[in-house]
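Work through the exercises below with the sequence and the model open side by side. Try each task before reading its solution.

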Amino acid sequence: MGWWAVDVHGGTVHRDALAAWLVARTGQAVEQRDDGTLITFAEDEASAEALISGLATSPDPSATGARRAIQPVDWTTRWREGLAARRLGRLVIRPSWIAPMLEPGEVEVVLDPEMAFGSGEHGSTRAALAMLVRLIRPGDRVLDLGSGSGILSIAAVRLGAARATGIEIDPEANHVARRNAVQNGVAAACEFLDGEAGALAPLLGPSDLILSNILRTANFELLPAIRSALRPGGLVIFSGMEAGEAPLFRPGLAAAGFAPELEMTDDGWWAIAARRA
């Protein structure tokens, strides 16, 4: 018995919808490769075969899948591999086992992501952090949708936000986020809630700044909830989208009453900041 990877190949038109379907079907993260392959995981061979068979009922019925066994790995320590200190403007992100490297005027976040998403190594997270450094204002009330390891919420408070609230569907990720908040001395100003961003966000406003580092389809679906949770004139930073998806997302932003202010790319990942009218 052991975990299996499932490589899914489909058309680019339905890729986001197919990725969201895979997440809902498996409860696991989906990796998107540059060649368009989507990779997800199943707990055993039978589950992998069932997932492949179920592709016929997915948003892309033409999608095909192939399974492969995964060698056992101790993920309690494997997550450390490849992590390094990162400098993003005046913000420094480093794991706890790397020595401090601050220059005058810089702000540090010490972060151990463990199994949660958000280490600063992914282009989408780096783009969101770089925008946060430029746009955060002292005293801001921040809402972080899909908060993962807590990296964006913690960085926001370290950069001057009065309070940051993260919403995450994975309770285990929130355990990691809370430990990271304690490690950075910001636990009193950071709260991490279990639940769906679309349901909880409107109840937590008005926010001055909202962060949404998730898939394009999810970002689009959350636009009404984000608008409801954001004060008039407030800013939202959208990330988690590939550069090629920008033309697909901009029209929805305008239709929802947001005016773009800043765009950024990092390693093929695109982020946009927009202001609520």
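The model is predicted, so local features need pLDDT of at least 70 and side-chain atom pairs count only at pLDDT 80 or more, while totals for chains, interfaces and linings use all residues. Residues are numbered from 1 along each chain as its sequence is written, and side-chain values use heavy atoms, with hydrogens and water left out.

**Exercise 1. The whole chain**

Task: State how many helices and strands the protein chain has, and describe its overall dimensions.

Solution: 
- Step 1. The protein chain has 10 helices and 14 strands. Helices (H or I, at least four residues) and strands (E, at least two) are DSSP runs, numbered from the N terminus.
- Step 2. The radius of gyration is 19 Å, close to the 19 Å that the globule rule gives for 277 residues, so the chain is as compact as a globular protein of that length. This radius is taken over C-alpha atoms, and the rule is 2.2 Å times the number of residues to the power 0.38.
- Step 3. Along the principal axes, the C-alpha atoms fill a box of roughly 50 × 45 × 30 Å.

**Exercise 2. The hairpin**

Task: Describe how S13 and S14 are connected.

Solution: 
- Step 1. S13 and S14 pair in the antiparallel sense over 8 bridges, and Asp266 has Trp269 in S14 as its bridge partner.
- Step 2. The two strands form a hairpin with 2 residues between them, and Asp267 in the turn has a positive phi of about 55°.
- Step 3. In S14 (residues 269-276), 7 of the 8 residues are buried.

**Exercise 3. One residue**

Task: Is Ser207 buried or exposed?

Solution: 
- Step 1. Ser207 lies in strand S11.
- Step 2. Its relative accessibility is 3%, so Ser207 counts as buried.
- Step 3. Not counting residues up to four places away in sequence, Ser207 touches Arg141, Leu143, Ala229, Leu230 and Arg231. Contact means heavy atoms within 4.5 Å.

**Exercise 4. A helix pair**

Task: At what angle do H1 and H2 pack, and which residues meet?

Solution: 
- Step 1. H1 (residues 15-26) and H2 (residues 45-54) pack at about 140°, their axes 12 Å apart. Axes are lines fitted to C-alpha atoms, for helices over the stretch in contact, and angles run from 0 to 180 degrees between N-to-C directions.
- Step 2. Trp21, Leu22, Arg25 and Thr26 in H1 meet Ala50, Leu51 and Gly54 in H2.

Technical notes
Buried means under 20% relative accessible area, exposed over 50%, partly exposed in between (1.4 Å probe, protein chains only). Two strands pair if DSSP finds at least two bridges between them.
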